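Please examine the structure shown below before reading on.

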Amino acid sequence: MTAMALTSHDRPVVRDADDISALVNAGPRAGSHARMVVALALGGVFLDAYDLTTLSWGISDVQAHFGLSAFQTGLVAAALNAGTIVGSIAGGWLTDRIGRYAVFMADMVCFVIAALVAGFAPTAGILIAARFAMGFGVGMDLPVAMAFLSEFSRLEGRGSKAAHAAAWCPTWYAASSACFVIVFALSYVLPAGHPDWLWRASLAFGAVPALAIILVRGRYMSESPVWIARRGDLQRAADILRRSYGIDPVVRPAPEQPPVVMQADPWRLVRRPLLQRGLMVAAMTLISSMSYNIIIFGLPTLLVSIMHANPVQVVVISIILNLAVAFPGGLLGVRLARSVRSRPIILAGYIMQVAGVGTLALVGVPHGTAGVIAALAGFAAFLFAQGFGPGCQLMVYPTLSYPTELRGLGIGVARLVSGIGGTLILLFFPWMNTHLGPALFWVVLLAPLAGVVIAFFSRWDVFGYDPDMDPALRQQAPPVRRDAVLHAPELLFSTDTRN
């Protein structure tokens, strides 16, 4: 980290991109817009979770309404995750290429259009296409949201990069809970003679928060100052810090060292040390995605088929598990992320998930009160562990493993892996549930067991780490002079004309 000189008026002097990173790492001043930027980024995560949850309870109504086979029902369920596969790579690449702000606004528009089309879809084909578009928006959003959370946060302590990245998990559970609450309320308002109105209304409602974010973006959102600085524009980065971070720096680049641009070379992801980090993140993301999607998306179906719950009981139990178990687990994960090393947290989470899924596998079809309590305890243990362990840390790791110029793509690759795992599971979940029944949990148990092995033998930890300040990564990708790439399209593309 470079040492920044102060003027007579205690204004920090910025000489290079490292000084911009150091100012962000030190934390925002009082009255800044940094917290609002973080809130808006988490609002995007809220939409991601809401869109994923909307059909987890109503998929049987969709199947009945359109007369779908089990495979066609799987296509409807898997379409959103399939969209994330494409959106993750496209969003990650564009986030690094043209900036965070433009991609964030594009995926908000995508959310609005896709939600409305899905809500009014006249055919199953259009619903599948709309759900794919929603998934594309989700895939685009997570890389840019995580980049914003990292690049508008301090390095350590309360409100740190790790804590804000981990906050995606309780936000996700809050959105899932909100979805079930909305469904529960709508079920008493909409006429029972039109069961399709319920899932249509819940899908279309996803456009509302996206519109709200679009309306307030102009006052608070700015491009990432760290990304701008590492593109070679120190003056504009300083202007953003003044507007959004409450810091008034003086830009005085060294005359013998022209502004430089850090190269966004995607091939660095397949070279050491980023390759090892990426493989670890990909492995943990894949196994967590597969187990989580079975548990959370299949929860309503499993409650009906295994515990013979009625629709009202399904919604109530889902709300309770999300609000009373998963959400507090996520809050604990945020607290741990700012003060405890990451690897032990993930290991503890996977161990608890082994216990939870193992309980579900042993119970099978519950008999009597004791069996029902044991099954619910198994679901609760898995969701609580996901909240404080893998759920939080699996976004902390990719967010803090990659330098700014590759952060979007690195996160995008991780989400692509998650999308592949989720798509495969949701595509075949109806078939597995039909043919395996409660024995399905023995298959699910393999995922957290693999997670325990990976977390135990891995040594990579991101606690307190800033890749932009890592000399090893800088030596791997030496910067180039800004005037040498001045005519590159991404440098001429302005994503935020206010600054």
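Helices (H or I, at least four residues) and strands (E, at least two) are DSSP runs, numbered from the N terminus. The model is a predicted one, in which local features need pLDDT of at least 70 and side-chain atom pairs count only at pLDDT 80 or more, whereas totals for chains, interfaces and linings use all residues. Residues are numbered from 1 along each chain as its sequence is written, and side-chain values use heavy atoms, with hydrogens and water left out.

On a 1 Å grid over the protein atoms alone, a cavity is a set of points where a 1.4 Å probe fits but cannot get out, and a pocket is an open set with protein on both sides within 12 Å along at least five of seven lines; lining residues have an atom within 4 Å of a point. Grid points are joined across faces, edges and corners, and a volume is the space filled by probe spheres set on the points. At least three lining residues come from each of domain 1 (14-251) and domain 2 (268-458), the bounds being taken from an automatic or database domain assignment.

Pro273 is placed in the loop between β3 (260-261) and α13. A cis peptide bond, with omega about 0°, joins Arg272 to Pro273.

The second largest pocket has a volume of about 460 Å³. Among its 19 lining residues, Arg35, Val38, Arg158, Gly159 and His164 are the closest to the centre. Helix α2 gives the most to this lining, with 5 residues.

A nonpolar core is a set of buried Ala, Val, Leu, Ile, Met, Phe, Trp, Tyr and Cys residues joined through side-chain atoms within 4.5 Å; buried means under 20% relative accessible area, exposed over 50%, and partly exposed in between (1.4 Å probe, protein chains only). The largest such core has 132 residues, and Leu127, Met146 and Leu383 have the most contacts inside it. Helix α6 (residues 124-151) contributes the largest share, 12 residues. Apart from neighbours within four places in sequence, Leu383 is in contact (heavy atoms within 4.5 Å) with Tyr173, Tyr292, Ile295, Ile296, Leu321, Val325 and Ala326. A second, separate core of 7 residues includes Leu269, Leu274, Tyr402 and Leu409.
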